[in-house]
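The structure is shown first, and the discussion follows it.

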Amino acid sequence: MKINVKRIPADGEDFEGSEPPAIMELNGEDVVFERPIEYRLHAQLQGHSLLVTGRLRTEATMHCGRCLRAFRQAVAVAEFVCLQELTGEDFVDLTPQMREDIILELPQRVLCQSDCKGLCPVCGKDLNEGACGCKVSREDLRWQALNRLKLT
Ligand SMILES: [Zn+2]
Ligand SMILES: [Zn+2]
């Protein structure tokens, strides 16, 4: 998302549109961006700086850290603020800042729901769909916790 600062009128300019998901440059195993990054921004010149405020919104496919299920979740930046000093260039590129702010909105631990029951450490059944009947000992749970530590 590049803004031509030479063309911004005195009372600022509104920008509305979307950028392709490729700008996220982040497709890890847990989070995949496949939807456009939508933006509604207002750009305003302030002396020798460009102030851009507004909102960003997209959707990411995430994989639950406990049950491994894939699900879609909205990711929004409600108060995007970017202040950039002007260096004489015609264009200011907001993409790095947009990317950073969206990544900051991602959850530290991806869970499909806060009380996701995860997979049975014995048979691997998704316990959100019901109990499996396995006898899970404290030992098993401890190993499961250790395995999780190794994964992250
Ligand atoms: Zn889950
Ligand atoms: Zn089981």
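## The interface between the domains

Between domain 1 and domain 2 an area of about 540 Å² is buried, 47% of it contributed by carbon and sulfur atoms, where buried area is the accessible area (1.4 Å probe) that two parts lose on being put together, summed over both. On the domain 1 side, Arg66, Cys67 and Arg69 lose the most area to domain 2, and together they account for 61% of what that side buries. Domain 1 covers residues 2-115 and domain 2 covers residues 117-152, with bounds that come from an automatic or database domain assignment. The C-alpha centres of the two domains are 36 Å apart.

Seven residues of domain 1 are in contact with six residues of domain 2, contact meaning heavy atoms within 4.5 Å. One salt bridge is counted between domain 1 and domain 2, and two residue pairs are in polar contact between them, both at pLDDT 80 or more. A polar contact is a pair of N or O atoms within 3.5 Å; within protein, one must be able to donate a hydrogen and the other to accept it, and residues adjacent in sequence count only if both atoms are side-chain atoms.

## Basis of the model

This is a predicted model, in which local features need pLDDT of at least 70 and side-chain atom pairs count only at pLDDT 80 or more, while totals for chains, interfaces and linings use all residues. Residues are numbered from 1 along each chain as its sequence is written, chains are lettered from A and ligands numbered from 1 in the order in which they are written, and side-chain values use heavy atoms, with hydrogens and water left out.

## Salt bridges

A search of the whole structure gives six salt bridges, each defined as a side-chain nitrogen of Lys or Arg within 4 Å of a carboxyl oxygen of Asp or Glu. One of them joins the side chains of Asp126 and Arg69, at 3.4 Å from N to O. This pair links distant parts of the chain, 57 residues apart, with Asp126 in the loop between α1 and α2 (138-151) and Arg69 in the loop between β5 (49-63) and β6; helices (H or I, at least four residues) and strands (E, at least two) are DSSP runs, numbered from the N terminus. Asp126 is buried at 12% relative accessibility, whereas Arg69 is partly exposed at 36%; buried means under 20% relative accessible area, exposed over 50%, and partly exposed in between (1.4 Å probe, protein chains only).

Another salt bridge joins Arg40 and Glu16, whose side chains meet at 3.6 Å, N to O. Here too distant parts of the chain are linked, since Arg40 lies in strand β4 (residues 37-46) and Glu16 in strand β2 (residues 13-19), 24 residues apart. Arg40 counts as partly exposed at 47% relative accessibility, and Glu16 is exposed, with a relative accessible area of 61%.

Glu34 forms a salt bridge with Arg72, the closest N and O atoms being 3.8 Å apart. Glu34 is in the loop between β3 (31-33) and β4, and Arg72 is in strand β6 (residues 70-85), 38 residues apart. Glu34 is partly exposed, with a relative accessible area of 45%.

Ile102 lies in helix α1 (residues 95-104) and is buried, with a relative accessible area of 1%. Leaving aside neighbours within four places in sequence, Ile102 is in contact with Met24, Phe33, Ile37, Leu56, Thr58, Val75 and Val77. Thr95, also found in helix α1, is buried at a relative accessible area of 10%. The side chain of Thr95 makes a polar contact with the side chain of Asp93 at 2.7 Å, and, with neighbours within four places in sequence left aside, Thr95 is in contact with Met1 and Ile23.

In the loop between α1 and α2, Gly124 is partly exposed, with a relative accessible area of 38%. The C-alpha atoms of Gly124 and Cys67 are separated by 9.1 Å, although the two residues are 57 apart along the chain.

## Cysteines

Cys82 is buried at 1% relative accessibility, and Cys116 is buried with a relative accessible area of 4%. The count of disulfides is zero, a disulfide being a pair of cysteine sulfur atoms within 2.5 Å.
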